[in-house]
Amino acid sequence: DAGVTQSPTHLIKTRGQQVTLRCSPKSGHDTVSWYQQALGQGPQFIFQYYEEEERQRGNFPDRFSGHQFPNYSSELNVNALLLGDSALYLCASSSLGQGEIYEQYFGPGTRLTVT
Amino acid sequence: AQSVSQHNHHVILSEAASLELGCNYSYGGTVNLFWYVQYPGQHLQLLLKYFSGDPLVKGIKGFEAEFIKSKFSFNLRKPSVQWSDTAEYFCAVNARSNDYKLSFGAGTTVTVRA
């Protein structure tokens, strides 16, 4: 049973550039959430996607956008990167269909460094 | 807005010692409560969860947590820790009223000395 997978593992970008991170949910899950975890802090909710639409959004600027595909995989896009965007980006999946919407399974994360 | 407070930033203890990590949240409505663990080099894993019913919840690896509604607390306990319990522990809260996000505490790093 494949868990949540994310790619790439690590990424180094320059200020002002754009980045795309990818996530495949756990088998059987239809909902994907994205979190940002800065060093020494807990994960912060960015947004959640269900049925290819953004269902809920946290307190992040419009530079952060996402997409969910028909196969439930998802992308997180960040435009105009700032040094402060350096963090571990976590993807979590859950299942509305199985009544497990509140229980989220996390992937290993993508470490983004902005220089 | 919800917030989650974890009282200890770093806890150091010896094997066989008892562990208790504090977690308080600020939200007046019905909540779901979670403890996640992140072992070195691994991803976040669910340790235990509370949705309703018995406020004493048992999780994996001998961990348990107690929900005290009047204190807005969900403290994690383990009677006797092992070296392999060295990890970072996160408390998380979800407000059940049409809110799907998890709000996390800042985490507690637990170091168990052999």
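Trainee: Which residues line the largest pocket?
Mentor: Rolling a probe the size of a water molecule over the atoms shows where empty space is left. A pocket here is an open set of points on a 1 Å grid over the protein atoms alone, where a 1.4 Å probe fits and protein lies on both sides within 12 Å along at least five of seven lines, and lining residues have an atom within 4 Å of a point. In this structure the lining of the largest pocket consists of A:Pro43, A:Gln44, A:Phe45, A:Gly58, A:Asn59, A:Phe60, B:Lys101, B:Leu102, B:Ser103 and B:Phe104. Two elements each give two or more residues to that lining, namely strand 5 (44–50) of chain A and strand 11 (103–104) of chain B, where strands are DSSP runs of E with at least two residues, numbered from the N terminus.
Mentor: Please keep in mind that this is a predicted model, in which local features need pLDDT of at least 70 and side-chain atom pairs count only at pLDDT 80 or more, while totals for chains, interfaces and linings use all residues. Residues are numbered from 1 along each chain as its sequence is written, chains are lettered from A and ligands numbered from 1 in the order in which they are written, and side-chain values use heavy atoms, with hydrogens and water left out.

Trainee: How much space lies in the largest pocket?
Mentor: About 160 Å³, a volume being the space filled by probe spheres set on the grid points, which are joined across faces, edges and corners.

Trainee: How many aromatic pairs does a search of the whole structure find?
Mentor: Rings of Phe, Tyr and Trp (its six-membered ring) pair if their centres lie within 6.5 Å, and planes under 30 degrees apart count as stacked, over 60 as edge-to-face and the rest as tilted. Over all chains the search finds 14 such pairs. One of them joins A:Tyr35 and A:Phe45, whose centres are 5.6 Å apart with planes at 70°, so this pair is edge-to-face. Both A:Tyr35 and A:Phe45 are buried, that is, under 20% relative accessible area with a 1.4 Å probe and protein chains only. A:Phe60 and A:Phe64 also form an edge-to-face pair, at 5.1 Å centre to centre and 70° between the planes, and A:Phe60 and A:Phe64 are likewise buried.

Trainee: Which residues form one aromatic cluster?
Mentor: The cluster contains A:Tyr35, A:Phe45 and A:Phe106, together with B:Phe34, B:Tyr36, B:Phe51, B:Phe90 and B:Phe104.

Conventions
Helix = DSSP H or I, 4+ residues; strand = E, 2+ residues; numbered from the N terminus. Buried < 20%, exposed > 50% of the residue type's maximum accessible area, 1.4 Å probe, protein only.
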